[in-house]
Amino acid sequence: MDTVKIYTNIIKDNMDRPEKVDKLINFGLTSAYYYVSFFKDKRIPKSLHYLNKYSIKSIKDSLANPQNSAWVNLFAPSEFLIAMDIKPLFIEAYSSFMSGFFIEDYLVDTAESRGMSNTLCSYHKTFIGASELNILKKPKFMMTTSMICDANIPTFKYLSKKHGVPLYIIDIPYKYSKDAVVYVKKQLLEVAEKLEEVFNRKLDTDKLREVVKTENKTRALMREYLNYAGEKRFIPTMTFEMYMLFASHVFIGSKEVLHFYEMLVEDIKRAPERSGKSIFFIHLLPIFEKNFKDYFNFSDKFHIAGSDLNYDFVDEIDENDPFKGIAEKLILNSFNGEINRKVARIKELIEKIKPDGIIQFCHLGCKQSMGGTFIIKNLASEVGIPFLYLDGDCVDKRNNQEGQNRTRLEAFLEML
Amino acid sequence: MIGYICKYTPVEIIEAFGEEPVRLESGYKSHEHAEALIHSNMCSFAKGVLENIIENNIEEVILTACCDSIKRLYDVLKDKVKFIHILDLPRKKDPLAIDLFYNEIIEFMEAYQAFKNKNFAEENLLKILESKSFNKEKQSAESIAILGARLKDDVIEKIINSCTANVINFTCTAEERVFNIEAKDNLLKSYAESLLNLTPCMRMAEDRSKLINKELKGIIYNTIKFCDFYSYEYAELKSKADLPLLKIETDYNDSNSGQILTRIDAFLESTGIKKMEKQRAKKGYFVGVDSGSTSTNVVIIDENKNIISYSIIPTGPKALESAFKAFEIALNNAGLQEKDITSIVATGYGRVSIPFADRIVTEITCHGKGAFFIDNTVRTVIDIGGQDSKVIRLDDSGNVIDFVMNDKCSAGTGRFLEVMARTLGISIEEMAKVHKEVKENITITSMCTVFAESEVISLIAQNKDQRDIIHALNKAVASKAVSLVDRIGRKGKYMMTGGVAKNQGVVYAIESRLGEKLIIPFEPQIIGALGAALISLEGK
């Protein structure tokens, strides 16, 4: 029996003792952090190694300080949290880590036994399960946007009611207009007020502006990175492309993330020229799916050329009026609104990255993603790049049909 | 005609244009056209609407950006119909949200005006709104609420017709359109505001707890597969549970299926608001016929509740013939003739098609009744039959107070075990033997019968011991059954009924999960029919 399995079994045996499980999870994260720190894998570039440590630490920090923490979703504007030194915990990341610890099945079953639908997204169910078992200590505040994912509002409403924790829902219109910006800006001003009240500290507007400036600098580097992504072979495993969501979303605007992108650009410049076949991913990467792990992690033949989720906003934010700027950023996200926006962004990205193939892994329950599959397939055929979509689950491994997916994935890779 | 879906659609504007707004339905069993355009795992309501639009050549459609599925429906339909418009629908209703929605309505009007080449007359809108301003809801002493995702009109109608209480439909198919037309200086804006003030659906930011009123006799909670919004509210209601609550989960199109109507009927029976004639039966012999999907069972009792005879036969392709045959066998076994029988109650899937029955009662009530009669310490009945499994909670007097059923697939039922036995190339009897010694503790991860079958095939290919595979399958069935138990909470003692109770391996696996012995009646397959016979005797 391997160490992870032993660890998983100990957690599962103690599920009725939330305090102990909380300690065990903290132990797991701490061990992972030190493991990464002391046993550097030479195949991993310095920047990604830094990101790996940063991501683990950010989860640890928010779990260790629930009184200075806010639960958010991937798209929530955490610029305010960064400016006020509040630690965000985003549900997608927490659930991925729990899947990494192999306890997502238990947490999903718990959520389902409390009444959650079995067709609901497993990122949400895993998080709800952990919260139901009180493994997760309640935070001081919750903040979610309404955009892109239907599950956000009900998940946060449910958790906020259950724990009696204040929640702010930022309603993001589907269409962009001046009125829409005014509507969101007003809500962002309310969020700031609410944060000041709950955490009993002031939001320094200059500090917020500083965060936005850092975010703009970071995005400039992100664009620069993309200039090389078409020529180099760089991302060694799927996990790193997913870790990049920490940097491109929830923690963007922090000094650490800026530092990460500075290193990233330097690293990709030095990376080997592209060889083998490159695959561009739509939306998510199935980091725990065996076939994908076998074919893509540390592979010479096939490599990961990016995913559109890391580039859902690549423009500059108005530094003079950060509230308005952030409002615009949220509404103009390429995953928000009509699918044409998303298609246009994918088109820009594949023109730069020039992948040999495109894969969309349709995460069970994610309707915004799978609903557009055939439209993206059409785009791929227009630009003449082979496209494959597969169904499965990025968190709950029980929903992955490995045998079926293997045949399809292999046939697709052979086709390239 | 212009098709719409969402109750927040400005249908009165369409009427003011002199056009006919039609709420689009999704009644298709097959999604042949839809699944060529959109992923098959999308919500089946959205797929059904897409099928409807394509099949019936609907040329004009207005949608709202209400959920991810409908947004994608818009993307897919965009170049396939002559006119399509999507309205952004704010989730809040403060003045800025109202402004935003007002602008959306204006934008739609301009687009529709240009498409139809027709002018919009505000006085027409005013007239329409005035005619809708005094719709008052019927008041009744007793009410039940239908909450959750949209429920089909015909199901709502069936509920209204089969219960004595007032039915309040809070789902998206409710037509409660009452408007504030006071502010005539800006009619459209006040109309936009009124729309946003309709009973909030789950996607709105507003708290919906005000909809739940303690006076209600019960709540029927409808959820649709792949519709994210509603299971949360159900989970919340369930944990508070001071009102009788029934959850139904459908893929929308099958919400009027026999199984769902059975659950609704049983719920109405258990809350005491089912319309039924009550009369005491005379003396003589009483029959219960349980027409199940796999077996048809008949029990005859006398007026002192003694079981005189029973029969169990497989349900053939014709349920009615099997019922006649089983009835005949039971009569012969008892040495009775049809004229000796005072009354007959039919239950089970095929209960509606048994012409010789005097009354029909759901199998949930019957199983509860039968189990409690056999052993009055039973508080939880686990019934696993050929096609479905259910868990029934009884109170101290044997009344059904809660129940859950599996979804429409056969995961974790007798059928599941039959398929697996066939895959393993053994008989169902061989499969039912207990193998307590396990070489390797295998776990079957897929609960779906089809996927689990391929998993078993690969285990066979890996040369795994057959007994270990059977053990794994028994565990899978037990896990499904215990998760059903957990949905209504654990409470002993437990009785297991239905054909699968004869499978010792499954019984053993459930017992080890529950940590408690199961009571297995002498003939687990006749408990539903026994309950029906008892109801026939008691006449209520």
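Biologist: How many residue pairs are in polar contact across the interface of chain B and chain A?
Modeller: This is a predicted model, in which local features need pLDDT of at least 70 and side-chain atom pairs count only at pLDDT 80 or more, while totals for chains, interfaces and linings use all residues. Residues are numbered from 1 along each chain as its sequence is written, chains are lettered from A and ligands numbered from 1 in the order in which they are written, and side-chain values use heavy atoms, without hydrogens and water. A polar contact is a pair of N or O atoms within 3.5 Å, where within protein one must be able to donate a hydrogen and the other to accept it, and residues adjacent in sequence count only if both atoms are side-chain atoms. With both residues at pLDDT 80 or more, the number of pairs across the interface of chain B and chain A is 26.

Biologist: Which helix of chain B gives the most to the side that touches chain A?
Modeller: Helices (H or I, at least four residues) and strands (E, at least two) are DSSP runs, numbered from the N terminus. Several elements of chain B each supply at least two residues to this side, among them helix 4 (68-77), strand 4 (83-87) and helix 16 (466-488). The element that gives the most, with seven residues, is helix 4.

Biologist: How many salt bridges does the rule find across the interface of chain B and chain A?
Modeller: The rule asks for a side-chain nitrogen of Lys or Arg within 4 Å of a carboxyl oxygen of Asp or Glu. B:Glu107 and A:Lys175 form such a pair, with 3.5 Å from N to O. For the interface of chain B and chain A, the count is seven.

Biologist: What area is buried between chain B and chain A?
Modeller: Contact, meaning heavy atoms within 4.5 Å, takes in 57 residues from chain B and 58 residues from chain A. Buried area is the accessible area (1.4 Å probe) that two parts lose on being put together, summed over both. Carbon and sulfur atoms give 54% of the area between chain B and chain A, which comes to about 4700 Å².

Biologist: Is A:Thr119 buried or exposed?
Modeller: A:Thr119 lies in the loop between helix 6 (104-113) and helix 7 (122-132) of chain A. A residue is buried under 20% relative accessible area, exposed over 50%, and partly exposed in between (1.4 Å probe, protein chains only). Because its relative accessible area is 8%, A:Thr119 is buried.

Biologist: Which backbone nitrogen lies 2.8 Å from a polar atom of the side chain of A:Thr119?
Modeller: Leaving aside residues up to four places away in sequence, A:Thr119 touches A:Lys125, A:Gly365, B:Lys225 and B:Phe226. Its side chain also makes a polar contact of 2.9 Å with the side chain of A:Ser117. The backbone nitrogen that lies 2.8 Å from a polar atom of the A:Thr119 side chain belongs to B:Phe226.

Biologist: How many salt bridges are counted between domain 1 of chain B and domain 2 of chain B?
Modeller: An automatic or database domain assignment gives the bounds, and in chain B domain 1 is 2-131 and domain 2 is 143-270. In contact are 41 residues of domain 1 and 37 residues of domain 2 of chain B, and the two domains bury about 3700 Å² between them. The side chains of B:Lys189 and B:Asp99 meet in a salt bridge of 2.7 Å, N to O. Between domain 1 and domain 2 of chain B, the count of salt bridges is three.
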